There are 2 protein chains.
Amino acid sequence: MGWQEYLDREQERFVGELLDFVRIPSVSAKPENIPDVKAAGDWVVERLGAAGIEGAVLLPTDGHPVVCAEWMGAGPDKPTILIYGHFDVQPAEPFELWSSPPFEPEIRDGKVWGRGASDDKGGMLVPIVAVEAMMKSDGRLPVNVRFFFEGQEEIGSPDLPPFVEANVDRLKADMIFSADGLQWAPAQPQIIEALKGLVSLEIVVNGARSDQHSGMHGGGIANPAMALAQILATMKSPDGLITIDGFYDDVIDLTPEAREAIARVPFDEAEYLAETGAPAAVGEPGYSVRERLWARPTLEVNGLTSGWQGAGTKTVLPAEARAKITCRLVADQSPERIFDLISAHVETHCPPGVTVKTERNPGRADPFLVPGGHNASTVAEQVLEEVYGVKPYRTRVGGSIPVMTTLLEHLGVHAVMFGFSHGDENLHAPDEFFRLDTFRRGQVAYCKLLERLGRD
Amino acid sequence: MGWQEYLDREQERFVGELLDFVRIPSVSAKPENIPDVKAAGDWVVERLGAAGIEGAVLLPTDGHPVVCAEWMGAGPDKPTILIYGHFDVQPAEPFELWSSPPFEPEIRDGKVWGRGASDDKGGMLVPIVAVEAMMKSDGRLPVNVRFFFEGQEEIGSPDLPPFVEANVDRLKADMIFSADGLQWAPAQPQIIEALKGLVSLEIVVNGARSDQHSGMHGGGIANPAMALAQILATMKSPDGLITIDGFYDDVIDLTPEAREAIARVPFDEAEYLAETGAPAAVGEPGYSVRERLWARPTLEVNGLTSGWQGAGTKTVLPAEARAKITCRLVADQSPERIFDLISAHVETHCPPGVTVKTERNPGRADPFLVPGGHNASTVAEQVLEEVYGVKPYRTRVGGSIPVMTTLLEHLGVHAVMFGFSHGDENLHAPDEFFRLDTFRRGQVAYCKLLERLGRD
């Protein structure tokens with residue numbers, strides 16, 4: 001019996017196991033669910049054992065635990081892959097908006113409904129049952145496989161960097177595949193080539209010691225709110241070019257091939273504007289909207305604060321004005337260097353009569369770009385095309401996934417997103433669901449991935 | 001017996017009457033003090049009668065009442081003057097910061113301590129007792145005198161414009177003197193030549209329908225906070241010139257004589273900066289700090305609001321950004337025209353991808369400039385020089401006093417500030433006081449003013 005038949009035969013059991021897994025309310029954000037996150041980890045350890053992966057362990061971190069496991073029986077001639085996923089889930093509130101209780105999963109319309117069904121319990125169960133099918137049918141796997149499942153992804157994986165650093169030997173691999181990830185649509189696969197990095201900062205402009213009467217002092221001393229506006233206006237042209245000296249220096253230009261790949265993904269500007277309600281699409285000249293969203297760095301004001309913000313008039317000349325800013329970065333920009341450039345620009349462009357400081361806010365992420373011709377993504381692309389019958393889109397994401405950069409930093413390996421959720425599955429919202437046909441299709445894809453990697 | 005002797009003889013009684021007047025808690029801002037404001041008006045009516053001015057009346061408005069009175073016995077050959085003041089006071093909170101209870105006035109160090117002692121009960125009692133001294137010693141006044149005392153100055157005189165309009169016949173005069181006003185210092189008189197006008201507005205920039213994720217949409221659509229900054233930056237140069245087309249068009253340029261008068265008033269820039277805590281004095285090029293404060297129009301951002309204003313980072317692309325702005329205007333700028341100019345400027349300078357509207361906020365004041373060579377101020381200046389023994393400074397005020405423009409509009413007459421309070425007397429603050437020697441000096445000044453006006 002091959003793994004295909006095994007998957008067919010056992011599918012009903014797998015779906016039942018997914019329901020069991022979803023029943024554990026492993027909400028990492030809530031202190032009262034700490035035991036449930038651990039219970040979910042224990043469930044994963046046991047499930048890996050049942051799949052034929054011996055010696056899986058629940059390991060402590062400074063917060064929620066992680067699960068590590070490996071099967072190295074393919075020998076040193078074969079590559080070692082690391083499969084990543086997470087067994088914690090988002091809070092389920094507001095409960096009253098769910099059609100069925102979030103931790104009492106139901107099957108309706110060929111979907112499993114429940115918190116975490118898609119993000120990421122369904123997703124991370126896919127490679128486990130795929131491995132089981134190969135182990136039970138062949139008694140072995142085509143490559144060496146390591147598993148790394150964590151319990152704190154939904155709170156930003158705060159304790160992961162020190163854990164990864166201290167456990168490189170358990171995690172070392174030639175390739176990383178993330179079972180936490182999206183496909184473009186049920187009938188359209190994608191390979192995510194890049195994620196943006198992040199740097200967060202605040203510009204603080206000060207004038208007088210305290211708010212002054214604008215009638216008594218207007219014209220005498222500078223106005224920090226106006227000075228802040230003047231500083232901000234020097235940072236971006238009205239048409240969207242970031243005008244900070246050196247800002248684009250480290251950006252890897254889009255190759256013609258990369259631009260083609262982006263252009264191949266349908267984009268309907270009218271639909272995009274209808275979705276956001278913005279009157280027009282505006283951004284860095286010379287790039288398409290999608291290129292800007294996916295592949296160009298951005299500088300966005302997240303908030304402004306100064307003086308009187310209540311109703312009507314208060315004739316104050318504010319003592320202080322603040323702007324919060326985040327930049328999304330692309331390879332090879334560094335959060336630290338971009339902060340330094342902005343800080344120097346602000347210093348240089350501060351008008352007279354006020355003082356200014358640029359403060360860094362916590363939170364950072366390096367940009368992430370899978371190198372062109374990267375072996376793992378090429379294989380993943382081939383497998384997805386075979387399984388879906390259409391060529392995957394090559395896409396990028398404007399957001400940041402810090403764990404990708406943590407793994408890259410400590411293991412020196414780019415991760416390939418190889419997950420089977422979809423953006424419409426109410427991730428982080430009420431009525432989360434996971435499609436049972438993609439649950440099944442993902443299993444086939446993981447089996448084919450391992451086979452193909454073992455063949456090369 | 002001349003008025004001088006009468007003032008000497010009765011001074012103790014006048015001081016006692018000031019204490020009685022201060023004991024009435026005529027706080028116009030507080031509904032529970034409505035009867036007290038009326039009681040203060042009644043007190044004024046009675047006091048005018050005791051001074052020999054018959055027929056004083058308390059008249060209703062849509063809010064607190066006013067007191068009108070007149071003595072027209074000097075005949076049509078003599079000028080008629082209108083004396084203005086107010087019998088309402090500011091709230092006294094916080095009570096615990098007062099050295100003695102605000103409505104139980106005390107005399108200490110030659111000063112009367114209590115709410116309203118300086119602003120404006122002491123001030124408005126000055127011309128009443130001056131008139132009494134002349135009436136009791138001469139049986140008549142050198143000119144025709146009208147009195148107009150109101151009970152809502154501290155809440156912005158909301159019901160005064162319709163009252164003045166409907167009662168022009170009671171108020172008509174050749175000159176107006178305001179008994180609500182300041183001298184520069186106990187030994188240095190001043191003539192206030194100008195007050196600034198005011199227009200208040202809000203610039204509202206909108207982009208997407210609601211706040212968006214800055215990672216998902218940054219670079220795709222415009223950022224209203226950045227757009228607002230770009231718009232504001234076009235309104236003022238970094239060195240303080242207002243760059244709105246036509247903004248300065250109606251400004252009456254400072255004459256060399258007016259600039260000399262301003263330069264004659266000592267100004268210590270280091271002291272000014274120490275007082276405000278601002279790092280430097282900055283404003284419209286080509287004018288001294290005091291010229292800018294007193295005689296040049298200003299445009300000040302009073303507040304900025306947009307997006308995330310809490311602690312740390314929230315990666316939103318705000319849907320809206322707002323700036324509150326007030327302009328202080330000088331003659332002959334009009335609040336309505338300046339609003340229109342700004343509104344047109346904002347429209348023209350709005351960057352792509354956002355919508356903008358400029359909304360007018362309630363509150364307006366016309367600028368007020370006593371014409372050069374104005375008879376009432378010339379006479380007031382001569383009297384002050386005679387009484388103080390030094391030439392008065394000619395000063396201007398960055399703030400606005402709407403009642404001055406109301407009287408000008410309906411009576412066609414500029415008011416001359418002829419009051420005897422000082423800026424250090426804790427007006428609007430705990431421990432308000434009024435100097436007894438200036439109470440006395442003011443009475444002499446009013447008697448001499450009437451004499452001199454009767455002589456011309």
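User: Among contacts in chain A between residues at least 6 apart in sequence, what percentage join residues at least 24 apart?
Analyst: Happy to start there, with the note that this is a predicted model. Chain A has 14 helices and 20 strands. Taking contacts in chain A between residues at least 6 apart in sequence, the share that joins residues at least 24 apart is 80%.

User: What radius of gyration does chain A have, and why does it agree with a compact globule?
Analyst: The C-alpha trace of chain A spans about 90 × 50 × 45 Å along its principal axes, and 53% of its 456 residues are buried. A compact globule of 456 residues would have a radius of gyration near 23 Å, and the value for chain A agrees with that: 25 Å.

User: How many residues of domain 2 of chain A are in contact with domain 1 of chain A?
Analyst: Domain 1 of chain A covers 3-195 + 367-455, and domain 2 covers 197-251 + 297-365. Their centres, taken over C-alpha atoms, are 41 Å apart. Domain 1 brings seven residues to the contact, divided into four nonpolar, three polar and no charged, and these seven meet domain 2 residues numbering eight.

User: Which element supplies the largest share of the side of chain A that touches chain B?
Analyst: The contact takes 72 residues from chain A and 72 residues from chain B. Elements of chain A that each supply at least two residues include α7 (224-233), α10 (289-295), β12 (298-307) and β15 (355-365). By class, this side of chain A has 29 nonpolar, 32 polar and 11 charged residues. The largest share, nine residues, comes from β12(A).

User: What is the bridge partner of A:G307 in β11(B)?
Analyst: Strand β11 of chain B (residues 298-307) pairs with β12(A) in the antiparallel sense, over five bridges. In β11(B), A:G307 has as its bridge partner B:G303.

User: Where are the cis peptide bonds at A:P94 and A:D332 found?
Analyst: The bond joining A:E93 and A:P94 is cis, with omega about -5°, and A:P94 lies in the loop between β3 (80-86) and β4 (106-108) of chain A. The peptide bond from A:A331 to A:D332 is also cis, with omega near 0°. A:D332 is in the loop between β14 and α11 (335-348) of chain A.

User: Is A:H428 exposed or buried?
Analyst: A:H428 sits in the loop between β19 (421-422) and β20 (433-435) of chain A. Its phi is positive, about 70°, although it is not a glycine. A:H428 has 12 C-beta neighbours inside 10 Å, so it counts as exposed.

User: And what does A:D431 count as?
Analyst: A:D431 is also in the loop between β19 and β20 of chain A. A:D431 has a positive phi of about 60° and is not a glycine. With 15 C-beta neighbours inside 10 Å, A:D431 counts as partly exposed.

Notes. Residues are numbered from 1 along each chain as its sequence is written. Chains are lettered from A and ligands numbered from 1 in the order in which they are written. This is a predicted model: local features need pLDDT of at least 70, side-chain atom pairs count only at pLDDT 80 or more; totals for chains, interfaces and linings use all residues. Helices (H or I, at least four residues) and strands (E, at least two) are DSSP runs, numbered from the N terminus. Ala, Val, Leu, Ile, Met, Phe, Trp, Tyr, Cys and Pro count as nonpolar, Asp, Glu, Lys and Arg as charged, and the others, Gly among them, as polar. Two strands pair if DSSP finds at least two bridges between them. The radius of gyration is taken over C-alpha atoms; the globule rule is 2.2 Å times the number of residues to the power 0.38. A residue is buried if 20 or more other C-beta atoms lie within 10 Å of its own, exposed if 12 or fewer, and partly exposed in between; C-beta atoms are placed from the backbone. Domain bounds come from an automatic or database domain assignment.
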